[in-house]
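Have the structure open and follow along.

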Amino acid sequence: MKITAIEITRISIPFDAHRRQPDTLETPYNAASPSLKRMETLLVKVITEDGSIGWGEAFGHLSNPVTEQALISLVAPLFLQRTVPASQQEISEMMQSTEQALHAFGRSGPVRYALSALDIALWDLLGKRQQKPLWQLLGATRSQIERYASLVSYGNDAKEVTTQIQRAYAEGYRTLKLHETHPAAIAAARQALPPGVDLMVDVNCPWSREQAQANASELRPLQLGWLEEPIWPPDDFLGLSQLRKAGVPLAAGENVEGDIGFVNLFESGAVDVAQPSVAKVGGITSALRVFKLARQYRVKVVPHCFYYGAGMLATAHLVAALPDDIKMEIPWITFEAPLYPSLPQNVCFGLSDAPGLGYEPDPAVLWNYRLSLTRIDQQGVSSHV
């Protein structure tokens, strides 16, 4: 059975974060930005000659046009007319050979993100072919997982942070993550929560080594679950390893160069928590390699997931294959329309027993919120807006 067509769809869905408009608007490439009102995603649909469909998702957010072009011009054509893998090993071999062929064009960035989407789609197809949900294919012994709320940024407004963190707690979340950078705003959140509630902070690589040391010292009494990506550049592993001595657990990994980048991260002793991101790292296949590496180095893994498409579903299955205490990150926002209307929204929920990823995107949502659609097949490339 061969791959006969690949469709690439960009969609953008408005969301409500229940926050006031910032005084100064910015170009919001960061998905947690206060200026952002819509969230993009880039979906990949792999179609086989018998009509089977596998779905994947590539990273990019507002930079999705770059990943989209990598898919159209470079990556997706390499998969046309190839035999659909019939096992996990065959997926791994196909992805490795493709990565090697493309290594000169980027071992991270848009090429890697494009490969991530194709890998997820192949796993979806494999589950459907074997009539098993991915969590079973991955060897998970649990199908029940718990989400943690990943809040957007509230511009370091301590009052607003307090309001929002209490609202998330009232919805049942007992593990929450901020995207604030000022210790006062983070301290306000900690004070607004009951003892025992886990609080983490993702600061998105803003500080020098010296600034990170000063801020970590100020944050240490808050007993954060982790401080995420505190240093610029994100691959300053020596700086991270030195910062760990400040006594605040560190998390990173979303922005390393594929799964092989985690070797350097682990060997540097740079993190307490590793965060592979399935739509960036190289898909499920690469995420599993990171899981294996983390076990060897005895590092905890909590996947990054600020997605709402196939990458989010893949993350749920991957989390099920991790220890029972690992929770799944979700963007804590309200979408105008859900891409998967039947997906449970409970803090704790059971994964679907349906084969593959378990859910198919709503065709009406794909149509109503579409920015572009490109189909690649034997006849060539056809684009629609």
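What volume does the second largest cavity have? Keep in mind that this is a predicted model. In it, the second largest cavity comes to about 30 Å³. Around that space you'll find Glu-229, Pro-234, Asp-235, Phe-237, Ala-252, Gly-253, Asn-255, Val-256 and Leu-265. Sort that lining by class and you get 5 nonpolar, 2 polar and 2 charged residues.

Stepping back, the count is 2 cavities of 30 Å³ or more. The largest cavity holds about 50 Å³ of space. Its lining is made up of Met-312, Leu-313, Ala-316, His-317, Leu-343, Phe-349, Leu-351, Ser-352, Leu-357 and Tyr-359. Helix H12, which spans residues 310-320, gives the most to this lining, with 4 residues.

Now for the helices. Look for H3 (residues 110-130) and H11 (residues 283-297): their axes come within 5 Å and cross at roughly 95°. Angles of 65 to 115 degrees count as roughly perpendicular, so that is how H3 and H11 sit relative to each other. On the H3 side, the contact is made by Arg-112, Ser-116, Asp-119, Ile-120 and Trp-123. H11 brings Gly-283, Ile-284, Thr-285, Ser-286 and Leu-288 to the contact. Taken by class, the residues where H3 meets H11 are 4 nonpolar, 4 polar and 2 charged.

Note on methods
Residues are numbered from 1 along each chain as its sequence is written. This is a predicted model: local features need pLDDT of at least 70, side-chain atom pairs count only at pLDDT 80 or more; totals for chains, interfaces and linings use all residues. Side-chain values use heavy atoms; hydrogens and water are left out. Axes are lines fitted to C-alpha atoms, for helices over the stretch in contact, and angles run from 0 to 180 degrees between N-to-C directions. Helices (H or I, at least four residues) and strands (E, at least two) are DSSP runs, numbered from the N terminus. Angles under 35 degrees count as roughly parallel, over 145 as roughly antiparallel, 65 to 115 as roughly perpendicular and the rest as oblique. Contact means heavy atoms within 4.5 Å. Ala, Val, Leu, Ile, Met, Phe, Trp, Tyr, Cys and Pro count as nonpolar, Asp, Glu, Lys and Arg as charged, and the others, Gly among them, as polar. On a 1 Å grid over the protein atoms alone, a cavity is a set of points where a 1.4 Å probe fits but cannot get out, and a pocket is an open set with protein on both sides within 12 Å along at least five of seven lines; lining residues have an atom within 4 Å of a point. Grid points are joined across faces, edges and corners, and a volume is the space filled by probe spheres set on the points.
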